[in-house]
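Thanks for making time. I will take a few minutes on the backbone of one structure, and you can follow along on the screen.

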Amino acid sequence: MVGERQITVNNLRNDVVADSLLKGASVDTLVKAEMQTDSFWTDSRLTPLSGTETKTYANTDSLVKMKSYRRLMDYITMFTAGYKSAGKVDVGPIASFYTFNPIEGQRLALGGRSNTKLSTRWFGESYVAYGEKDNRWKYYASASYAFNNKSIYTFPLHYVQVSYQDDAKSLGQENAFAAASNFFTSFSHGDNSKWLYNHIAKASYVREYGNHLSFTFGTKYWEQRPTGTLQYVYKRFTDRSDTIRKITTGEHVGDAALGAA
C-alpha cells in the first residue's frame with residue numbers, strides 16, 4: 001500500500017508572524033465548517049481531486065452512513081465509555097443499571113446525558129436509582145454550559161457546571177462525585193458495611209488549554225449521614241460519648257494542573 005500526500009500553499013507571505021497567532025489548540029475547527037455543502041469545498045479547493053481521491057471520500061462517506069457500521073460504533077462506545085447513543089442523548093452508564101450491596105440490596109438505576117446533537121452549549125446529565133432493601137430513591141442531576149461550543153467530555157474542557165446528588169455510597173467512594181454504583185464494584189472483599197447517605201450540591205468551573213494546563217474552581221455543600229455499621233461518635237465528656245446523626249460541611253477549592261501533552 002502506497003500513500004501520497006500533497007500540500008498546496010496559496011498566497012504565501014514571509015512576514016514575521018506574531019507569537020499570539022501561534023497560541024491555542026493544535027487543531028481548531030470553525031463552528032460553521034460542518035455546515036458547508038460539498039460544492040463549497042469543491043470550489044474552495046486549490047487543486048482538484050483526482051478520480052481515485054474522489055472515490056476515497058465517497059467510500060468513506062458511504063461507510064459512515066452504513067447502519068451496520070454505526071451500530072458497531074455504538075456497541076464499541078457502549079463497552080468502552082459505558083454509554084449507548086440514542087439520538088440526542090446517551091443512555092448510561094450501562095454498568096450501573098443493576099448493582100447490589102449490603103445496604104441497598106438489589107439496586108436498579110436508569111440514567112443518561114445529552115450530547116452535541118441536542119446542543120453544543122448546554123449539557124445535562126441525570127440518573128435515578130432505587131434500593132429494594134432500604135426502600136429509598138436516589139438521584140443525580142447536573143447542568144453544564146460549554147464556553148467553547150464543544151462537548152464537556154472532550155479535550156480541551158471549558159465549562160461551568162452545577163449539580164446535586166442524593167445517593168448512598170460506601171465509605172471513600174463519595175469522592176467519585178457523579179459516578180454511580182458499578183456492577184463490578186458489587187463484588188467486594190472484606191467489610192463492606194460502612195456506608196454514607198450523601199446530599200451533595202456542587203458548582204464548578206473548569207478550563208483547559210491547548211498546552212494541557214488546566215484550572216478548576218468550585219464550591220461544595222456536603223451533608224453526610226452514616227449508615228450500616230458506620231457511626232460518627234463525638235466524645236463530649238471523658239466518661240461518655242454521643243452518636244452524631246449527620247455532618248454538614250462546605251468547601252471552596254481551586255486547583256491548577258499541567259498534564260502530559
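I will go through two cis peptide bonds and then two residues with positive phi.

First, the ground rules. This is a predicted model, in which local features need pLDDT of at least 70 and side-chain atom pairs count only at pLDDT 80 or more, while totals for chains, interfaces and linings use all residues. Residues are numbered from 1 along each chain as its sequence is written, and side-chain values use heavy atoms, with hydrogens and water left out.

Start with the peptide bond between Gly92 and Pro93, which is cis, with omega about -5 degrees. Pro93 sits in the loop that runs between strand 2 (89-91) and strand 3 (98-101). Strands here are DSSP runs of E, at least two residues long, numbered from the N terminus.

The other cis bond links Phe155 to Pro156, and omega there is about -5 degrees. Which loop holds Pro156? Pro156 is found between strand 6 (136-146) and strand 7 (158-170).

Stay in the loop between strand 6 and strand 7, because Asn149 lies there too. Asn149 is not a glycine, yet its phi is positive, near 60 degrees. Is Asn149 buried or exposed? Its relative accessibility is 18%, so Asn149 counts as buried; buried means under 20% relative accessible area, exposed over 50%, and partly exposed in between, with a 1.4 Å probe and protein chains only.

Last, His212, in the loop between strand 8 (194-208) and strand 9 (213-228). His212 is also not a glycine and has a positive phi, about 70 degrees. With a relative accessible area of 23%, His212 is partly exposed.

Methods:
Helices (H or I, at least four residues) and strands (E, at least two) are DSSP runs, numbered from the N terminus.
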